[in-house]
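Here are my notes on this one, as numbered points. Have the viewer open while you read.

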Amino acid sequence: MFTVVWLVKKHPDLSQEAFTRYWIEDHTPLTAATPGMRAYRCYPMVSHDGDAPLFDAIAFATFDDEDAWRIAEQSPEFKAAVADAVNFQDTGKTQGFNAQEFIIR
């Protein structure tokens, strides 16, 4: 499996609750429509220890392989999700990277 990971920073004008609501209720259906995506997992922060974390959420999108991702990221569905990101994310601080998954248990 091939996974795209996003470390998401919320838009500074939104509370964590408003950010989470928009992300899950409005944005997630756009992202989940991406062709070839096997799974889409979202983890908005609900609490933290110590100093505030650098990010407010993490998301994982899983594909069969990197080729499937490269096709998916060019799709109109994924482009619509990217265009919507400005509505709830600080896109200048949100980061993404590609990862190989190792399931230990």
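1. Reading from the N terminus, the elements go β-α-β-β-α-α-β, which makes up three helices and four strands. Helices (H or I, at least four residues) and strands (E, at least two) are DSSP runs numbered from the N terminus.

2. Some ground rules: this is a predicted model, where local features need pLDDT of at least 70 and side-chain atom pairs count only at pLDDT 80 or more, while totals for chains, interfaces and linings use all residues. Residues are numbered from 1 along each chain as its sequence is written, and side-chain values use heavy atoms, with hydrogens and water left out.

3. The four strands form an open sheet in the order 2-3-1-4, with antiparallel pairing. Strand 2 (39-44) and strand 4 (95-100) are at the edges with a single partner strand each, so one side of each has no neighbour in the sheet. On average, neighbouring strands are turned by 15 degrees against each other, direction ignored. Pairing here takes at least two DSSP bridges between two strands. Axes are lines fitted to C-alpha atoms, for helices over the stretch in contact, with angles from 0 to 180 degrees between N-to-C directions.

4. Going through the pairs: strand 1 (residues 2-8) is joined to strand 3 by seven bridges and to strand 4 by six. Strand 2 and strand 3 also pair over six bridges. In the pairing with strand 4, V4 has N98 as its bridge partner.

5. T62 is worth a click; it sits in strand 3 (residues 57-63). Which residues have T62 as their bridge partner in strand 3? T3 does, and so does A39. Beyond neighbours within four places in sequence, T62 contacts M1, F2, T3, G36, M37, R38, A39 and R41 (contact: heavy atoms within 4.5 Å).

6. Is T62 buried or exposed? T62 counts as buried because its relative accessibility is 8%; the cut-offs are under 20% for buried, over 50% for exposed and partly exposed in between, with a 1.4 Å probe and protein chains only. Strand 3 as a whole is mostly covered, with five of its seven residues buried. For the chain, 37% of the 105 residues count as buried.

7. Helix 1 (residues 16-32) lies across strand 1, strand 2 and strand 3, and runs at about 175 degrees to strand 2.

8. Finally, contact range: of the contacts in the chain between residues at least 6 apart in sequence, 75% join residues at least 24 apart. The C-alpha atoms fill a box of roughly 35 × 35 × 20 Å along the principal axes.
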